[in-house]
Amino acid sequence: MTFDQTAYRKRWQYDRDRGVIRTVPAGPVKTHIVGLLDAGLTYGAIADLSGVELSTIHRIRKSHRTSVRIARAVLAVRADQVHTRPSHTGFVPNVGARRRISALLALGWTHIHISEAAGLPPRRSGAIMHQRGTWIARDTHDRIITAYDALSMRPGPSAITRRRAAEARYAPPLAWDDDRLDDPTATPEHGWNATPNQQFTTNERRAQVRYLTERGHTAAEIAERLGVTTRTVVRARARTAA
């Protein structure tokens, strides 16, 4: 037995005599891991977020007990953290990237425009929309966010792209809560589903203006995004406040 093993055994016996718990049942940790996997995370992502070795994450699935430290680390992992972890390597779910691309298509931005704004090869955004699987490289995901932030506040130049997106029922940026674009359970705002040749009623237009105003957009930004004049936005705001 090595010195380290002897020291560990003595420490373990000392803690046991004092009633200090060093291990806990692995059941709750297993259940949490399964939940994270069902939410779209991989074993690697769980290991990355928890700071626990990948081999240990796999071993927990077959264990009856695990250390308190490991249990706390794994149970602290949330599915939404996969998009905010410091590492820009690895993979993340592609749902957010696809939603952003779809929304930009709905505004009339082509895949060439989107890919260029993202700093990706031409039409790469089109490949993302149709690739198999549910994962995307973290760097690519972040680049799509950059393109979305740059283009989502103004209409694109292609009427054909806009029409095709409407026929495909792609929801525009206005339909989404930006904070939930990466949430697999999120859905477009009620009543904002795109339809071909959609004409908004006065009340719907006012609701659009109110929605964007609440999110901090200026009258000029809203006018550009909705394809109306700034004066129209100002009037809509006044009537909504009345």
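Reader: Leaving aside its neighbours within four places in sequence, which residues is Ile33 in contact with?

Author: Contact means heavy atoms within 4.5 Å. By that rule, Ile33 is in contact with Tyr43, Ile46, Ile57, Ile60, Arg61 and Val74, leaving aside its neighbours within four places in sequence. This is a predicted model: local features need pLDDT of at least 70, side-chain atom pairs count only at pLDDT 80 or more, and totals for chains, interfaces and linings use all residues. Residues are numbered from 1 along each chain as its sequence is written, and side-chain values use heavy atoms, with hydrogens and water left out.

Reader: What is pLDDT, and what does the protein average?

Author: pLDDT is the predictor's confidence in each residue, from 0 to 100. The protein averages 81. A score of at least 70 is reached by 81% of the residues.

Reader: Which elements of the protein have the lowest and the highest mean pLDDT?

Author: First, the term. Helices (H or I, at least four residues) and strands (E, at least two) are DSSP runs, numbered from the N terminus. The protein has 13 helices and four strands. Helix α1 (residues 3-17) has the lowest mean pLDDT among the elements, 55. The highest, 96, belongs to α7.

Reader: Where is Ile33 found? Does it count as buried or exposed?

Author: Look in helix α2, residues 27-38. Buried means under 20% relative accessible area, exposed over 50%, and partly exposed in between (1.4 Å probe, protein chains only). Ile33 counts as buried because its relative accessibility is 0%. Across the 242 residues of the protein, 36% count as buried.

Reader: How many residues apart along the chain are Ile33 and Val74?

Author: They are 41 residues apart along the chain, yet their C-alpha atoms are separated by 7.7 Å. Now take the whole protein. Among contacts between residues at least 6 apart in sequence, 68% join residues at least 24 apart.

Reader: What is a nonpolar core? Which residues touch the most other members of the largest one?

Author: A nonpolar core is a set of buried Ala, Val, Leu, Ile, Met, Phe, Trp, Tyr and Cys residues joined through side-chain atoms within 4.5 Å. The largest here has 41 residues, and Val74 and Ile114 touch the most other members. Elements giving two or more residues to this core include α2, α3 (43-50), α4 (54-60) and α5 (68-75). The list also includes α6 (95-107), α7 (111-118), α8 (124-130) and α9 (138-151). With seven residues, α6 gives the most to this core.

Reader: Why does this core lie between domain 1 and domain 2?

Author: Domain bounds come from an automatic or database domain assignment. Domain 1 (20-81) and domain 2 (91-175) both give residues to the core, so the core lies between them. Follow Ile114. Not counting residues up to four places away in sequence, Ile114 touches Ile101, Leu104, Leu105, Trp109, Ser125, Ala147 and Leu151. Another core, of 10 residues, lies apart from the largest one; Leu174, Val209, Ala219 and Ala223 are among its members.

Reader: Which ring does the charged end of Arg100 sit over?

Author: Here is the test. A charge sits over a ring if NZ of Lys or CZ of Arg is within 6 Å of the ring centre and within 35 degrees of the ring normal. The charged end of Arg100 sits over the ring of Tyr148, 5.9 Å from its centre. Arg100 is in helix α6. At 5% relative accessibility, Arg100 counts as buried. Leaving aside neighbours within four places in sequence, Arg100 is in contact with His141, Ile144, Ile145, Tyr148, Leu181 and Asp182.

Reader: How do I read phi?

Author: Most residues other than glycine have a negative phi. Arg123 has a positive phi, near 65°. Find Arg123 in the loop between α7 and α8. At 54% relative accessibility, Arg123 counts as exposed. Arg169 is not a glycine either, and its phi is also positive, about 65°. Arg169 lies in the loop between α10 (159-167) and α11 (202-214).

Reader: Where is Thr110 found, and does it count as buried or exposed?

Author: Thr110 is in the loop between α6 and α7. Its relative accessibility is 18%, so Thr110 counts as buried. Thr110 is in contact with Leu105, Ser158 and Thr161, leaving aside neighbours within four places in sequence.
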